[in-house]
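Please read the following points with the sequence and the model side by side.

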Amino acid sequence: MFRHFLQVSRRQISSTVRRQLVNKVPDKQKLFQEANGMPVHLKGGVGDALLYRATMGLTVLGTGFVIYELVKAALPQKKD
């Protein structure tokens, strides 16, 4: 019984890979090294474009909010 437990625990701790993963790096290198005039941060496809636009939108909104708060702090309203 104890010997069986040791064999099972060795298999679980083992660092061997059970399934082989496909190497996608050469395909990605070809995609990103193409000279098609497109910026590298948009060559990944639709997901990259959406992430870029969301980031830029949040940046613009954040900058606008900061400017609004600075103006509000610099020009306080008078108390009647």
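1. Lys43 is buried but forms no salt bridge. Buried means under 20% relative accessible area, exposed over 50%, and partly exposed in between, with a 1.4 Å probe and protein chains only. A salt bridge is a side-chain nitrogen of Lys or Arg within 4 Å of a carboxyl oxygen of Asp or Glu. For Lys43, the nearest side chain of opposite charge is that of Glu34, 6.2 Å away. In this count Lys and Arg are positive and Asp and Glu negative, while His and the chain ends are not counted.

2. The model is predicted: local features need pLDDT of at least 70 and side-chain atom pairs count only at pLDDT 80 or more, whereas totals for chains, interfaces and linings use all residues. Residues are numbered from 1 along each chain as its sequence is written, and side-chain values use heavy atoms, with hydrogens and water left out.

3. Where does Lys43 lie? Lys43 is found in the loop between helix 2 (25–33) and helix 3 (46–74). Helices (H or I, at least four residues) and strands (E, at least two) are DSSP runs, numbered from the N terminus. Leaving aside neighbours within four places in sequence, Lys43 is in contact (heavy atoms within 4.5 Å) with residues including Leu31, Gln33, Glu34 and Asp48.

4. Gln33 lies in helix 2 and counts as exposed, at 64% relative accessibility. Between Gln33 and Lys43 there are 9.5 Å in space, C-alpha to C-alpha, and the two are 10 residues apart in sequence. Leu31 is also found in helix 2; its relative accessible area of 31% makes Leu31 partly exposed.

5. How many salt bridges does a search of the whole structure find? The search finds 1. The side chains of Glu69 and Lys72 meet in a salt bridge at 3.7 Å, N to O. These two residues are 3 apart in helix 3, so about one helical turn separates them. Glu69 is partly exposed at 28% relative accessible area, and Lys72 is partly exposed at 45%.

6. Across the chain there are 3 helices and 0 strands, in the pattern α-α-α along the sequence. Of its 80 residues, 2% count as buried. The accessible surface comes to about 8200 Å², of which 63% belongs to carbon and sulfur atoms; such areas come from the Shrake-Rupley method with a 1.4 Å probe, and for residues only the protein chains shown count as cover.

7. An unreviewed UniProt entry lists residues 50–71 as "transmembrane region". UniProt positions follow the numbering used here, feature names are shortened, and annotations may be inferred rather than shown by experiment. In the model, residues 50–71 are 100% helix and 0% strand, with end C-alpha atoms 32 Å apart.
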